[in-house]
Amino acid sequence: MSTRDTRTALVIGGGIAGPIAAMALQQAGIEATVFEAYTGTADGKGGGMTIAPNGQDALDAVGLGELLRPLGVPMTGIVMQDWAGRRLAEFGNPPGVPPMQLVWRADLYTTLYGETERRGIRIEHGKRLVDAVDTADGVTAHFADGTTATADILIGADGIRSTVRTLIDPDAPGPSYAGLISFGAQVQGSTTPSTRSKMNMSFGKQAFLGYQVLDDASAIWFVNLPHPEAVSAAETKQTPSEEWLRLLSSKFADDRTPARELIGRTAPEDLIVVGPVENMPPRVPVWSRGRMVLVGDSAHAPSSSSGQGASLSIESAVELARCLRDLPHQEAFAAYEQLRRPRVERVIRETTHKNSAKAAGPAGRVVFAMMMRLFGRINKPEKMAWVFDHRIDWNAPVTA
Ligand SMILES: Cc1cc2nc3c(=O)[nH]c(=O)nc-3n(C[C@H](O)[C@H](O)[C@H](O)COP(=O)(O)OP(=O)(O)OC[C@H]3O[C@@H](n4cnc5c(N)ncnc54)[C@H](O)[C@@H]3O)c2cc1C
């Protein structure tokens, strides 16, 4: 019988997959260190995001569910609307599964980092990986500051623009601009009625709005603004927030949704300019080579509208650790890919249409509204149960 051979791991990237992979590895008896490119905390300023029931289950497998769930606000469904606020379709949770949790990304990062450190796992900041050398005995990471680190394996949890993905496969595909810039904010004292735990998504005449108003009159909103010319995250941050807020408000002038109320209530310092939305091709052909392997968005990034990116990343981080617990690294990487690839690629396939609809012109939006009405009639929540109902049995042994 083959036995495990991994005692130490370098985890590149301190986003969501990285710290969770490190904690899952610790639970599997493997010592991991996280290396994050940013000097402060990771790039955590990114608005609200959902942790789906499948992501919550994966968090439970490493004892994080009870810590992270209270950060969220339950989200029991999604109502799709047109520019006039008319309901196009509604998607509820499949019966019997817990609600999605809507969390503020900054809260998630703060809690995740605190817990990683509380468990005695080192997170090193200002460590941008630039190269890695794989030998028979181990793998050495080279960072932009000239330092190095060596361990048995290296895990690329470095996101959609992954360096590790290119080190594993120089021909690996990269992300492409989706034609949208994303913004978000949290506001207090909204006069819009509570959306009763549902996220409303409105295909406006000129931009896409998502909003959820809570019973205490606080609200979160996000906007996807069509912007055909490609733009970098740094460029979007150069425009003052006041200017963005004025522009966003003008884009919703003809819509009959709460967009202008919510945007008008947003102080410039509270506006989060998330930046350009990027799409990955559905398939990253190579997930591992030698002692290096990918986890999270570097291997499988669904559309940002899918609400599944973080949850799939958490699932993969836990499953990778489970495989390394029971198998030598090469067999573990193969078992991990076999476990994960069919599921993540199916989720990606079934959710990619959403960004293209948001970036569509007026004619495209009319067609999309018709499709939504039809889809809303034929689509039953049970059809999505396979996405949400995924369970990880941490104690089940993994075989090659
Ligand atoms: C606008 C938007 C909205 C979204 N909404 C949702 C949602 O509602 N629900 C959901 O589930 N998902 C959502 N997602 C997707 C979700 O954010 C990602 O799937 C998730 O963050 C992936 O986690 P990760 O750890 O793989 O990558 P990331 O969170 O991107 O983390 C990667 C980390 O690696 C670091 N890094 C990069 N390169 C290097 C390097 N060379 N060396 C060292 N460190 C490096 C980065 O600084 C970063 O901290 C959304 C995404 C976007 C863009």
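Two strands pair if DSSP finds at least two bridges between them. I keep that in mind for these notes, and also that this is a predicted model.

**Entry 1: a strand pair**

I began with strand β13, residues 176-187, and looked for its link to β17. I found 6 bridges joining the two, and they run antiparallel. One pair I could pick out by name: S176 stands opposite N279 in β17. Then I checked the cover on β17, residues 272-279. Of its 8 residues, 6 are buried, so I noted the strand as mostly covered.

**Entry 2: the open sheet**

Next I traced a sheet of 6 strands. It is open, its pairing is mixed, and the order reads β8-β2-β1-β12-β19-β18. Which strands stand at the edges? They are β8 (123-125) and β18 (288-289); each has a single partner strand, so one side of each is left without a neighbour in the sheet. I reminded myself that strands of a sheet pair through backbone hydrogen bonds, either parallel or antiparallel.

At the β8 end, I saw that β2 and β8 pair in the parallel sense, over 3 bridges. There V34 stands opposite I123 in β8.

**Entry 3: strand β12**

I then moved along to β12, residues 153-156. Strand β1 (residues 8-12) runs parallel to β12, with 4 bridges between them. L10 has L154 in β12 as its bridge partner. On to β19, residues 292-294: this strand is also joined to β12, by 3 bridges, and the two run parallel. Here I155 has V293 in β19 as its bridge partner.

Which way do the residues of β12 point? I153 and I155 point one way, while L154 and G156 point the other way. In a regular strand the side chains alternate between the two faces of the sheet. Buried or exposed? I found all of these β12 residues buried.

**Entry 4: around the ligand**

I counted 33 residues around the ligand, and those that come nearest are A17, E36, R105, D297 and A310. By class, the shell has 13 nonpolar, 14 polar and 6 charged residues.

The side chain of E36 has an N or O atom 2.6 Å from an oxygen atom of the ligand. For L129 it is the backbone: one of its N or O atoms lies 2.9 Å from a nitrogen atom of the ligand. G307 also uses a polar backbone atom, 3.4 Å from an oxygen atom of the ligand.

How much of the ligand does the protein cover? On its own the ligand has 990 Å² of accessible area, and the protein covers 85% of that. The elements giving two or more residues to the shell are β2 (31-36), β3 (48-51), α4 (105-118) and α9 (309-326). Of these, α9 gives the most, with 4 residues.

**Entry 5: V97 in its loop**

Last, I picked a loop residue. V97 lies between β6 (87-92) and β7 (100-104). Is V97 buried or exposed? Its relative accessible area is 12%. Buried means under 20%, so V97 counts as buried.

What does V97 touch? Leaving aside neighbours within four places in sequence, I found V97 in contact with P53, F388 and D389. I also checked the distance to V286: V97 and V286 are 189 residues apart in sequence, and their C-alpha atoms are 33 Å apart in space.

Key
Residues are numbered from 1 along each chain as its sequence is written. This is a predicted model: local features need pLDDT of at least 70, side-chain atom pairs count only at pLDDT 80 or more; totals for chains, interfaces and linings use all residues. Side-chain values use heavy atoms; hydrogens and water are left out. Buried means under 20% relative accessible area, exposed over 50%, partly exposed in between (1.4 Å probe, protein chains only). A residue is near a molecule or strand if one of its heavy atoms lies within 4 Å of it. A polar contact is a pair of N or O atoms within 3.5 Å; within protein, one must be able to donate a hydrogen and the other to accept it, and residues adjacent in sequence count only if both atoms are side-chain atoms. Accessible areas come from the Shrake-Rupley method with a 1.4 Å probe; for residues, only the protein chains shown count as cover. Ala, Val, Leu, Ile, Met, Phe, Trp, Tyr, Cys and Pro count as nonpolar, Asp, Glu, Lys and Arg as charged, and the others, Gly among them, as polar. Contact means heavy atoms within 4.5 Å.
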